[in-house]
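Hi,

As promised, I am passing this one over to you. Please open it alongside this message, and my notes follow below.

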Amino acid sequence: MSTDTEKKAGRPVNTAKREAILAAATRAFFEHGFASTAIEQVAADAGVSKVTVYNHFGGKRDLFTATVEAECARMREHFEVRPELGGTLRQRLTAIGEAMMAFLSRPEMVQFERRIAAETEHEPAIGAAFLAAGPHRMKKAFSALLQAMKDAGEVDIEDVDLAVEQFASMCKGMGDLERRFGHPADPKRDRERIEGAVDVFCSAYAVEECDRK
């Protein structure tokens with residue numbers, strides 16, 4: 001029978017295995033899509049057994065959801081309400097816009113979204129899983145941040161969820177669509193879109209004037 005000490009000692013190993021599986025699955029899903037990714041290959045790439053993958057994640061759909069959640073969690077960190085977060089409203093909104101665009105414009109993310117869109121035609125549940133694990137959770141986190149700003153008296157927003165969609169759409173502009181159809185990235189234009197989005201957002205919702213400095 002395992003002792004408590006042995007169980008505790010095993011936790012870092014289990015965590016390392018889980019992280020290795022997630023890393024291997026992320027590469028596979030991003031490069032090959034959901035349909036073409038095999039659990040056996042993910043297990044081999046992660047250096048674990050197929051049984052270990054199932055023990056940690058249940059099945060392929062659950063593993064896919066976990067990889068999307070892990071990737072999107074990296075951006076959701078920018079939406080967390082923490083006491084140490086400083087800067088003006090303009091600076092915080094600019095940082096969020098920059099993080100959003102850096103995340104979405106990565107070549108592997110563009111490729112991933114293309115694959116998911118194609119596979120959703122044949123299996124709608126895949127698209128639903130992606131939306132739930134990624135965009136919808138990020139929207140919820142951003143909405144919570146804007147609600148906190150509203151409660152603090154920084155912004156006057158009647159429909160927080162709508163404001164989130166407006167800001168995200170302005171930051172992405174046509175650039176998001178163009179990237180999906182092979183148009184080269186234009187960092188200068190992306191920066192201009194973010195600055196414009198912040199200008200419009202502050203003009204519409206800021207309680208006090210947003211200083212450009």
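In which helix does R90 lie? The answer is helix α5. Before going further, please keep in mind that this is a predicted model.

Let me stay with R90 for a moment. Its relative accessible area is 11%, so R90 is buried, the cut-off being under 20%. The R90 side chain also has a polar partner: it makes a polar contact with the side chain of D199, at 2.9 Å.

Next, the packing of α5. This helix covers residues 89-104, and its axis comes within 13 Å of the axis of helix α8, residues 135-151. The two axes cross at roughly 175 degrees. Because angles over 145 degrees count as roughly antiparallel, α5 is roughly antiparallel to α8. On the α5 side, the contact is made by L89, R92, I96, M100 and F103; α8 brings M138, F142, L145 and M149. Sorted by class, the residues in this contact are 8 nonpolar and 1 charged, with no polar ones.

Finally, a look at E178, which you will find in helix α10, spanning residues 175-180. Is E178 buried or partly exposed? With a relative accessibility of 29%, E178 counts as partly exposed, because the value falls between the 20% and 50% cut-offs. If neighbours within four places in sequence are set aside, E178 is in contact with H183 and R193.

Best wishes

How values were computed
Residues are numbered from 1 along each chain as its sequence is written. This is a predicted model: local features need pLDDT of at least 70, side-chain atom pairs count only at pLDDT 80 or more; totals for chains, interfaces and linings use all residues. Side-chain values use heavy atoms; hydrogens and water are left out. Axes are lines fitted to C-alpha atoms, for helices over the stretch in contact, and angles run from 0 to 180 degrees between N-to-C directions. Helices (H or I, at least four residues) and strands (E, at least two) are DSSP runs, numbered from the N terminus. Angles under 35 degrees count as roughly parallel, over 145 as roughly antiparallel, 65 to 115 as roughly perpendicular and the rest as oblique. Contact means heavy atoms within 4.5 Å. Ala, Val, Leu, Ile, Met, Phe, Trp, Tyr, Cys and Pro count as nonpolar, Asp, Glu, Lys and Arg as charged, and the others, Gly among them, as polar. Buried means under 20% relative accessible area, exposed over 50%, partly exposed in between (1.4 Å probe, protein chains only). A polar contact is a pair of N or O atoms within 3.5 Å; within protein, one must be able to donate a hydrogen and the other to accept it, and residues adjacent in sequence count only if both atoms are side-chain atoms.
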